[in-house]
Each structure stands twice: as C-alpha cells, then as structure tokens.
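This report describes the architecture of a two-chain model, taking each chain in turn and then the contact between them.

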Amino acid sequence: MKRLRELLQRTWSSLVRRRDEHFSEEINEHIAMLTEENIRSGMAPAEARRQAILKFGPVEAITESYRGQQGLPVLETILWDARHALRRLRRAPAFTIASVLTLALGIGASTSIFTLIHAVMLKSLPVRNPGELYRMGKEFRCCFEGGYSQENEFSIVSYDLYKYFRDNTHGFSDVAAFPAGIALFGVRRAGGAEVAQTHAGEYVSGNYFRMFGINPYAGRMLTPEDDAPGATPAMVMTYRWWRERFGADPSIVGSVFNVDGKPFNVVGIAPPGFFGDTLRTAPPEFFLPLNMEPLIEGDADLNKPDTHWLEMIGRPKPGITPSTIEAEMRVELKEWLRSHWSDMDAGDRAKFPAQTLYLAPGGSGMSSMRGQYGRWLQILMIASGVVLLIVCANIANLMLVRSLEGRRQISLSRALGAPASWLIRQPLAECLALSLMGGAAGVAVAFVCTRLLVHLAFAPIPGFTAVPIDAAPSMPVLWFAFGISLVTGIAFGIAPAWMATKVDPIEALRGRTNSADHSASFSRKALVVAQTSLSLVLLSASGLLITTVRSLEDQSLGFETNRRMVANINARLAGYRTAQLPLLYRRIHDAVGAIPGVSSSALCLVSPQSGQGWGTGVWVSGHPMPGPMDNNSSLWDRVSAGYLEVIGNPMARGRGFSEVDRAGSQQVAVVNEAFARHFFGDEDPIGKRFGKDPEHAGQFEIVGVVKDARYVVYNLGDPILPYFFLPEAQAEYGEQNLGSLFLHDMVIVTEPGATLSLSRLEQAMATVDPNLPVISFGSLENQVAFQLGRPRLIAQLTSLFGVLSLVLASIGLYGVTAYNTSRRVNEVGVRMALGASRQNVTALVLRGAFSLVAWGFALGIPVAFAAARLLRGQLYGLNPYSPLITIEAVAVLAASALVAALVPAVRASWISPSEALRTE
Amino acid sequence: MNDKTEVQQGTLALMVLKTLDVLGPLHGYGIARRIEQISGDLLSVNQGTLYPVLLKLEQQGVISSKWGASENNRRARFYRLTASGRKYLKAETSEWEQTAAIIGRFFAVKAEDLR
C-alpha cells in the first residue's frame, strides 16, 4: 500500500512539475542553521560555514539522489525520448505524414481483418461465464438425423433423448437444447392490419436463458414452466428486433403476436447484444419454448424419439470436469438406445457398439460461421500481414536515409562520449512514435474498412436481420492494433538503431564521407529485395484467385438467367396441408401468369443456384444392386409443368413433361446427361426405369434427357452431378409429411423490356391468399452472382492488397535507386567525362535496380508456390502451380519496377559531367 | 548499494519517525541533530542524506511537511508524523523489538548451553 502510494506520487511528479527550487532553499537553511550553531560554539564565521558544509555532505550528489527519489528516472527518460522524437518528427512533416499514412493503411487493413476474425472465430458468446459452457458434438452438423445411430459421434439429439440426458446427467447444473437449424415463421402483431412477415425464430428449452445466465432487458425470459405441454404460448424478442422493428415500444411486452397464425404472448425482451447460441448471418429474432413446436408444425418433430434435430449445451456444476460428464453421458446414450432396441432396424443395431459422443467447449457457440468464413479470413489475415511487412520495409528504408543524414550529429555525440545505448534509443523512439501514430490512425481506417467488409462479406438476405458483428473496435481489437504498432515500430526501427551504433566517432572530425554507408546501403537493398518478393507472393496469389473466379463466372451455366426472376414462398408456414397444394400451385401459376409483362412462370422445389439441393439414392430397375462402395446418389428437383422451358434448359433427347403426365398415369422423370452417363453409360436411358429406394426401382420411367446445367455451386470445380426432375402433377399428395411437396421457389420469365416489381407480384399473390407472403424476390442473375460472392470478395480484397504491395514496393525501389544515384553523381560524371553515353548511364542505373528485383523474384517465386499450396482449397480445382499466372505476376512487377527505376535512371543520364565533378 | 547501507536506510527512516513521534513537528536540521545526539556517529558525516529519506517517507504518506518559521525566525520546512505514520511506527517498533529480542537471545547462547 505504502509502496503503491510512493509509486503513484513519483509517477505524478515525473509527469507534472517538481519542486527542486524548494529543496535548494531547504539545503541553504540547513547549512545556515549548522553554521549558526558552529559560530555559537566558538568558530570563526568562515570556518563555521566550511565545517557546516562538510557536515552536510556532498550537496550535488544529495540533490541528485533527492531528484531521483522525486520522480521515476525510467519514466522520465522515456518521456524525454518521446518528446525528443516528436520534436524531430515535427521538423520533417512530409516524411512524418507519408509514414503515418502508409502505416495507417497497413495497420488499418490488418486490424480490420482481425476485427472480423475476432468476431467470427475468437469471441465468446455474450453470456455469463462463456468459458464454463460445454456443448455436445465436436463437429458442426445440420439439421436432421433419423434413426438410432449417427456417424462418428452422436451430436444432435431428439427431444426424448434430450430429456433423458437432462434428467439423468448429474454433472451439469443446467443443460439446454435448441434446434440445429434456424426456422422461419410468418409473424404479425395480433389485431394489426399488416400482413404476416417472415422472420427467423428459434425454439429453445425452458432452461435456455437460465443456463446462459441471460437476464431480461424488459419483462422476463422464458422459464421451464413456459416449456411444458399446455402452457400459455410465450415468446421472447431480441433487443435488436424490438428496437429496429418496433422502435423499442414498451407496450410490446405483454402484447400478443401471431406466429404462423397461433397467438403468442411477448413476455420479455432479451438484453442488447444477445443474439442466441450461434453467430449466424441471419440470427433469430425471437425465441419460443420447444414444447410449442407441435402447436405450430403440423408435422411436429418434438415427440419423435428417432428424429434428431436438437443441439445441446450445458454448464457443468462447479468442480466437475467435462470428461466426467462425457463418461456419464456415454453410458446414458447406450442406456437410452437400449431402451429403444425394439424400434431399431438391423443397421442401427449393428452400429450400436460404435455409438459414442463427445463434449466440446461451447463458449463461442455453435460456430456455423466459423466453418464458412474461417479459411478465407485466414487468407486475408496473411495477405494483410504481408502488406504490413512491406510497409515496414518501406519505412525502415526511409528511416535509414534519415539516419544517414543524422550521421554527423551521431558521430559527434559519440565523440563526446554518448553511450551506444543512448544512441539506439533515439531512432527507436522515433520509430515507435511513428508507428503508434500510425496505429491510432489505423484504428480509424479499420473502423471504416470493417463496416464496409461486414456489409460486403455478410450481405444480409433481404428482409432479414444483419449479422450481429460490431465494427466498432473492442478492447481486444485495440490491444491488437497497439501490439502490432509496437511490433512494426520495433521491426522498422531495428535497422536504423543498429546503424547508429556503427557510426565511427572519427567521422565527425573527418567531415563528409562517401564510403561509410556500406552496410546501410546493403540493408536498404535487402529491404527492397524482401519487398519485391513479398509483393510477388501477393500478386501471384491474387492472380490465382481472380483466375478462379473468372473461370467460375465464365463457365456455361446451361440455363438462362436474363429476364428471369425468382420468388420464394412457403406454403407450409402459411398453414397449408399437402392435399391443398395442387390447387394452390395452379392458382399461383394463373395469378402470376396474368400479371402484365409476365410471359411464363413455373414452380420448383429449388431454383438454380439457390444454394440448396435435394439428394437421394437411385436404384435402376434391371441393374444389379449398387455395392456399399458404389456411388448411386443423385440430386433432384420437383417442378411444375413447363419448368424446363421457363428455366431454358434445352433437351438433349426424348421429351419434356406434358399434359399426358397426370396423377395416376405412369410416373415419369427427365434426367440430365450426367445422370444418363453415370447410371446407363452407353445404354439408351429413354424408357428405362429407376426409383428412389430399392423397393421401388421401377417407379419412374425416363422420358427425356436434358443437357447438363450447373444447378448447385458447392462443387464448382468438379464435373456436373447427376440430376433428375419429377413433375409436380404426379406428386404423392396423399403423403402428409413429405416436405418435398412444398415447392419453395417460383421462376418467372418477363417479356422483353418488361419489368416485374415486388409490389406487383405481392398484389397478384394476395389474390391467391393474403396470408402467403413472398419471402424474397430477386433476379436469377443476382441469385447466381450471390453464390460467387464470397470467392469474388476474397479475390478482390487479395488483389487490393496485391496492388497496394506493388505500389509500396515500387516506391521502395524508386527510393533506393534515386538515393544510390544521387550518391554516385561523381562516378557518373567521371564515366561521362570518359565518354559514356546517356544510354550507358541509364543502363548502369537500371542494371543496379534490376539486380535487386531479380533477387526478389528468385526468393519470391518459391514462396509464391508455397502460398499457392495453402490456397489450393479455394481454387475450385484450378492448378495452384500455374506458371502462366506466376509469369504474369513477374511481368506486372517487372513493369512497375521499370517505371520506378527509370525516373532516377533518366535523371542520372541528364547529369552534366562538369557539374557532377564540381559537386564534391 | 551494499547490505549495510540498506539496513542503515531502514533504520534511519525509523529513527526519523521516532524522533517526530517524540518531539512533534520538526525541520530537517532538528531531526538530524536529534538523531546525531542519540545515535552518536551514524549521521555525523552526511546530514544531507537525510533529505531523500524524508522525501520518500512523505511520498509514502507516513509524514507530511509544511513551510513555517523556525525558532530563529528562519524559513524552514517542518515535518510531522501523519496518522498512518503513527500506526506504521507502532507496527515497526514491535517488529523491531521482536527481531532484536530473537537476535539477542541467539547471541546470548553459549556453546555449553547447547550440550
């Protein structure tokens, strides 16, 4: 306590004024009193004063130690260095501003990428003690699993299994459950005139908020009492939705909302910042109790013990290790499975011994975005780090020039006895001052960039809440910026500091020296070589990524996108039963077709490149059963009449669907060429039959083959997969639980020159059913472009970094060449006097510059290839070692190096020999 | 700084505090004289070394200082013990006595006592 107080006092007096004057007065008084006493004891006045001074001791030394005690010498030195550095920087404003701006760019870019990495990959959920939480499942799995066995690990559970775990696991103080996938609901305020709008919501177990330790912002959170069959339906809103959609209206709490037509009481508002259990691009806007699921869903999953759709996350009791709970739960899993032995099929029983589960830290949530964005954030982080390195090299270069200019002064200081440590401190302090200023400016740059990036990278789906990522710098981000500022400052400060110690004191006496900066010129050359090679790495990486995106964009889609619009509907949310669907589809088709400007339309399960796909196994009638290693999977789509014409997918053979294909007639299918090749090889597929399970291998007769088209994008680099179409008219509408009966997408072709607005479409849809909202609406072109958005964004950002590095490296080369030329004016003069031509001189300078560039290439090309290896996963099958791209990168770099070196080279060739020889 | 002077610095601080405790507010010269009278030659060479110690004690908040007039009507800085200083002195005194007692007992022990 006393020590701390002393430290604070000393820090304070270091920073503010001190009271030296008073001390010397105190000393004088002391000596005067001693003198008086000596006189009283009989000494002569002069002798009395001499004795007094002797007795007091060495005044200078005591004053010095008094001063040392007053402040903190270390702190004072730092302050002095900082003041001195700032003064020196103020005297070179152009240098300072240029350096701070370049640093701000470099640090800003890195900080901005780090902000995203922090938000997506590192940050914990905004809940109480997130580090304590554990979730079940190591890998991310979505969204449904059926039966009584799961591959590798049991990671999602049925409600029955959840209850078994919840009631029997003693290690957890609380364990909550919620669906693995997010659901959409049609929501409107009860009593209002507005139509229902689609919003994301989440079913959660009653103890969800208690487990996370979330306290209400207003009202109350859901409780286990709300999550019981027969309880009054209750819902909790997120703060964001409440504020943005309802203007923080306090009367919302206690009001009733219709969720898919069922009334729910809003009991409370979750606190600001809480976005649920998982960072998603479209987070839920409200929470409902799990037990309300049967109220809303006609085909409820809640009470099916073999439908696994819930994630689990829990908080262990204090002192209980996760491995204890894991062991406990593994036993419970086996117990539960055994209790369902009679429901299990042979496959499940065979896999029973291998069933196990794992717990994983759950503090950062379920991380659906981590998998999606982790890899490309890493790439961008590396790219921005490389730019920062090049920035460092540039500033180190400038600093070296400055230190050469300051040589006279340094050697004079050395000659006067300044220790080396003192000489190192000066340039280091200057560099740190620069980098910290650059860091401060960089934080501002990062703020702007991050907002832009969040907007571009996590483009919100229209109508949905944006991703809950805050661009404002948080504490960890500020620390990061401060940390890299310090590191960069030291990085580019080391060379000049080291140079300072190499200065020979004798130089001060000798005057101008030409030869002394040998090591300095080597360092500067080395820096340019490093810059060139790093820039080459970035350029070739961005070349690879751009080529990838371009080849993806250029590949023929196999379907038409112009004049095509896609609308998304959800009849299931509007409460339709499967038997009502055929009539609904016909009415939609007629209503949309009646809109002026619409030439045709068709409905489908999934529209091209919507980011979704339905898969199934295929069994061909008359072919041997596929073995366990055979791939018999295919993608498929259920479409209404005329879909293939609407989408513009041309037939290769046979016919498309027609009026003949009605309910009750022979079920037919149209397959793509990949399907025909994969399942029939050289056989003619027309007239052959296949089915979606082995018992119905003869269900569908193939009547036509369409040309291959790129309908799914997750495997862009691979050949097109087998795909088949089934006509909606022949669908099994008697099956009430068949999700594939609900056609979500509508493709509309407009007449040339006509446009279709959302409001016009909504009007038409309202004539069919006012409770059936259009969830999203846009052109097929945009839908296709959106799928390529992420690779395109990485490619663009990497190219931006590449261009930045190119400019910086060129500036570095220009600086070194110009400086070297200016030091060689004499030599040039002599050469010209001896008959060298202008061309000779230009070539001489260029040769010097290009020897550096060549070294840069020699070092950079292997690194570029290593970097390409890292990128391989993002290239969709493109050869990462493409020599063409490397050559292009080399050419671009060489061209800009030529420009950078040509300026000083030409200037050197204009030197007049007589003048050159006179400048000594 | 060797061990001996460190010990002396500590003891010097204690002496200052005790002096202020006994005599009340006092200027540097007065403190130096008092310590000299009692301790003999400990401070006889450099009275000035007292001042850094006084400053440190003031920074620690165990003493405080104020400018005033001395007996001979000179301007002088008067040091006084603060409340926390008094508490600190008390604690230090008992600790010191304890240490002294233990050391004293150790030194009193003769070889034959240990047989």
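## Composition of chain B

In this predicted model, chain B has four helices and three strands. Read from the N terminus, its elements follow the order α-β-α-α-β-β-α. Of its 115 residues, 30% count as buried. Among the contacts in chain B between residues at least 6 apart in sequence, 46% join residues at least 24 apart.

## The sheet of chain B

The three strands of chain B form an open sheet in the order S1-S3-S2, with antiparallel pairing. Strand S1 (26-27) and strand S2 (63-69) each have a single partner strand and stand at the edges, so one side of each is left without a neighbour in the sheet. In general, strands of a sheet pair through backbone hydrogen bonds, either parallel or antiparallel.

Two bridges join S1(B) to strand S3 (residues 75-81), and these strands run antiparallel. B:His27 has B:Phe78 in S3(B) as its bridge partner. The pairing of S2(B) with S3(B), also antiparallel, extends over seven bridges. S2(B) and S3(B) form a hairpin with five residues between them. Within the turn, B:Asn73 has a positive phi of about 65°.

## Composition and cores of chain A

Chain A contains 28 helices and 25 strands. Buried residues account for 41% of its 920 residues. Of the contacts in chain A between residues at least 6 apart in sequence, 84% join residues at least 24 apart.

The largest nonpolar core comprises 170 residues, of which A:Met235, A:Met237, A:Leu310 and A:Leu813 touch the most other members. Helix H13 (residues 368-405) of chain A gives the most to this core, contributing 19 residues. Leaving aside residues up to four places away in sequence, A:Met237 touches A:Trp242, A:Ile252, A:Val266, A:Ile269, A:Ala270, A:Glu285 and A:Phe286. A second, separate core has 61 residues, including A:Met565, A:Ala571, A:Tyr643 and A:Phe657. In soluble globular proteins, nonpolar side chains tend to be buried together.

## The contact between the chains

How many residues does each chain bring to the contact? Chain A provides 22 residues and chain B provides 19 residues. On the side of chain B that touches chain A, helix H2 (28-39), H3 and S3 each supply at least two residues. H3(B) accounts for the largest share of that side, with six residues. By class, the residues on the side of chain B that touches chain A comprise six nonpolar, nine polar and four charged.

## Helix packing across the contact

Two packed helices are described by the angle between their axes and the distance between the axes. Helix H1 (residues 2-15) of chain A packs against helix H3 (residues 50-60) of chain B at an angle of about 105°, and their axes are 7 Å apart. Because angles of 65 to 115 degrees count as roughly perpendicular, H1(A) is roughly perpendicular to H3(B).

From H1(A), the residues A:Lys2, A:Arg5, A:Glu6, A:Gln9 and A:Arg10 meet B:Lys56, B:Gln59 and B:Gln60 in H3(B). Classified by type, this contact of H1(A) with H3(B) has no nonpolar, three polar and five charged residues.

Notes: Residues numbered from 1 in each chain as written. Chains lettered and ligands numbered in written order. Predicted model: local features only at pLDDT ≥ 70, side-chain atom pairs only at ≥ 80, totals over all residues. Buried ≥ 20, exposed ≤ 12 C-beta atoms within 10 Å, placed from the backbone. Contact = placed C-beta atoms within 7 Å. Core = buried A, V, L, I, M, F, W, Y, C linked by C-beta atoms within 7 Å. Axes fitted to C-alpha atoms, helices over the stretch in contact; angles between N-to-C directions. Parallel < 35°, antiparallel > 145°, perpendicular 65-115°, else oblique. Nonpolar A, V, L, I, M, F, W, Y, C, P; charged D, E, K, R; others polar. Pairing = 2+ DSSP bridges.
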